[in-house]
Amino acid sequence: MTETWTSAFTYLIWLTNTLRQNQIDDIISAEILYPSTDKNLYKIVIKNMVHGPCGALSSLPPCLKEGNCSKMYPRQFIKETQFATDSYPLYRRRKPEDGRQTATVKMKSDSVVIDNQWIVPYSPLLLKMFDAHINVECCNSVKSIKYILKYVHKGSDQSVFAAHSSNNSINKISEHHTGRYISSNEAAWRIFGFPIHERHPTVIHLDMHLGNGQRIYFSEDNLQCRLSNPPNTTGFFELCKNDNFAKTLLYCNVPKFYTWDK
């Protein structure tokens with residue numbers, strides 16, 4: 001049996017000021033820099049931020065689906081970073097003919113020369129801090145934000161595994177299956193009942209509406225009763241009319257001092 005374990009963390013950071021097109025290159029890069037500029041960062045990029053190479057350059061790449069790379073590599077060359085219509089920006093990837101750097105990547109059986117078409121977008125600052133694969137993208141559309149949120153809430157880490165028979169006989173479990181596991185740290189966190197996620201500041205829904213505009217839930221049996229006696233959801237305003245102390249409270253603080261009695 002062969003196993004491949006992966007662990008990934010995804011973060012979505014909201015900026016006060018939206019990144020402009022001419023600011024992206026200062027934060028995110030998708031190019032191989034010159035070793036003479038920063039030899040250490042050059043080695044980190046070649047070690048961690050090269051996709052594949054896949055396609056004709058590799059025999060069994062895991063990203064291939066129906067003969068095409070599911071991550072859309074190799075990417076197209078582009079002289080300047082551009083905002084796409086409904087996805088991530090098209091990051092600057094200049095051609096080797098324009099004087100850009102190339103690199104040689106060792107494969108299992110051979111070495112391959114790659115260019116900027118195979119570089120995963122990264123932050124030079126984060127790479128030098130952590131020396132790891134850190135994909136950094138600019139989310140400038142709803143489509144890309146939806147993709148990020150999917151990974152934020154996807155749950156535990158995932159493992160892809162396959163079982164192979166030694167005599168190559170047909171086996172029902174020969175195809176890949178998806179399995180999930182919980183690490184020891186996460187297991188202990190759940191056993192002790194610690195919070196898994198939180199939101200700050202807390203968002204509280206205020207049940208406000210216009211006169212006679214409250215929601216009424218009914219069935220065929222209680223329709224007439226609900227119409228003749230609709231629920232009273234304006235008790236906060238009635239309370240403030242007759243209670244001077246209640247006038248000093250915010251809507252969300254009223255339950256700390258009062259209870260609702262139908």
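This is a predicted model: local features need pLDDT of at least 70, side-chain atom pairs count only at pLDDT 80 or more; totals for chains, interfaces and linings use all residues.
Me: Buried means under 20% relative accessible area, exposed over 50%, and partly exposed is in between (1.4 Å probe, protein chains only). With that settled, which residues in H6 are buried?

Reply: Residues are numbered from 1 along each chain as its sequence is written, and side-chain values use heavy atoms, with hydrogens and water left out. In H6, the buried ones are Gly235, Phe236 and Cys240. They sit on the same side of H6, because they cover an arc of only 135° around the axis. That arc is taken from the directions from the helix axis to the C-beta atoms.

Me: What's exposed on the other side of H6?

Reply: Lys241 and Asn242.

Me: And how are helices and strands picked here?

Reply: They're DSSP runs numbered from the N terminus: H or I with at least four residues for helices, E with at least two for strands. H6 covers residues 235–242, with cysteine 240 in it.

Me: What does cysteine 240 touch?

Reply: Ala246 and Lys247, leaving out residues up to four places away in sequence. Contact means heavy atoms within 4.5 Å. Cysteine 240 counts as buried because its relative accessibility is 16%.

Me: How many disulfides in the whole structure?

Reply: Zero, from a search of the whole structure. Cysteine 138, for one, is in no disulfide, and its nearest cysteine sulfur, on cysteine 139, is 6.9 Å away. The cut-off for a disulfide is a pair of cysteine sulfur atoms within 2.5 Å.

Me: Is cysteine 138 buried or exposed?

Reply: Buried, because its relative accessibility is 10%.

Me: Switching to cores. How many residues in the largest nonpolar core?

Reply: It has 22, and Val45 and Ile114 have the most contacts inside it. H1 (39–48), S4 and S5 are the elements giving two or more residues to this core. H1 gives the most, five residues. A nonpolar core here is a set of buried Ala, Val, Leu, Ile, Met, Phe, Trp, Tyr and Cys residues joined through side-chain atoms within 4.5 Å. For background, nonpolar side chains tend to be buried together in soluble globular proteins.

Me: What is valine 45 in contact with?

Reply: Leu33, Val50, Ile119, Tyr122 and Leu127, leaving aside neighbours within four places in sequence.

Me: How do S4 and S5 pair?

Reply: Antiparallel, over four bridges, with S5 at residues 111–114. Pairing takes at least two DSSP bridges between two strands. One lysine 106 detail: its bridge partner in S5 is serine 111.

Me: Which residues are on the covered face of S4?

Reply: Ala103 and Val105, whereas Thr104 and Lys106 make up the uncovered face of this strand (residues 103–106). In general, side chains in a regular strand alternate between the two faces of the sheet.

Me: Where is aspartate 131?

Reply: In the loop between H2 (124–130) and H3 (142–152). Aspartate 131 also has a positive phi, near 50°, and counts as partly exposed at 37% relative accessibility. As a rule, most residues other than glycine have a negative phi, and most peptide bonds are trans.

Me: Last topic, rings. How many aromatic pairs are there?

Reply: Five. Tryptophan 189 and phenylalanine 194 make an edge-to-face one, 4.8 Å centre to centre with 70° between the planes. Phenylalanine 236 and phenylalanine 237 are also edge-to-face, at 5.5 Å and 70°. The rings of Phe, Tyr and Trp (its six-membered ring) pair if their centres lie within 6.5 Å, with planes under 30 degrees apart called stacked, over 60 edge-to-face and the rest tilted.

Me: Which residues do ring pairs link into a cluster?

Reply: Trp189, Phe192 and Phe194.
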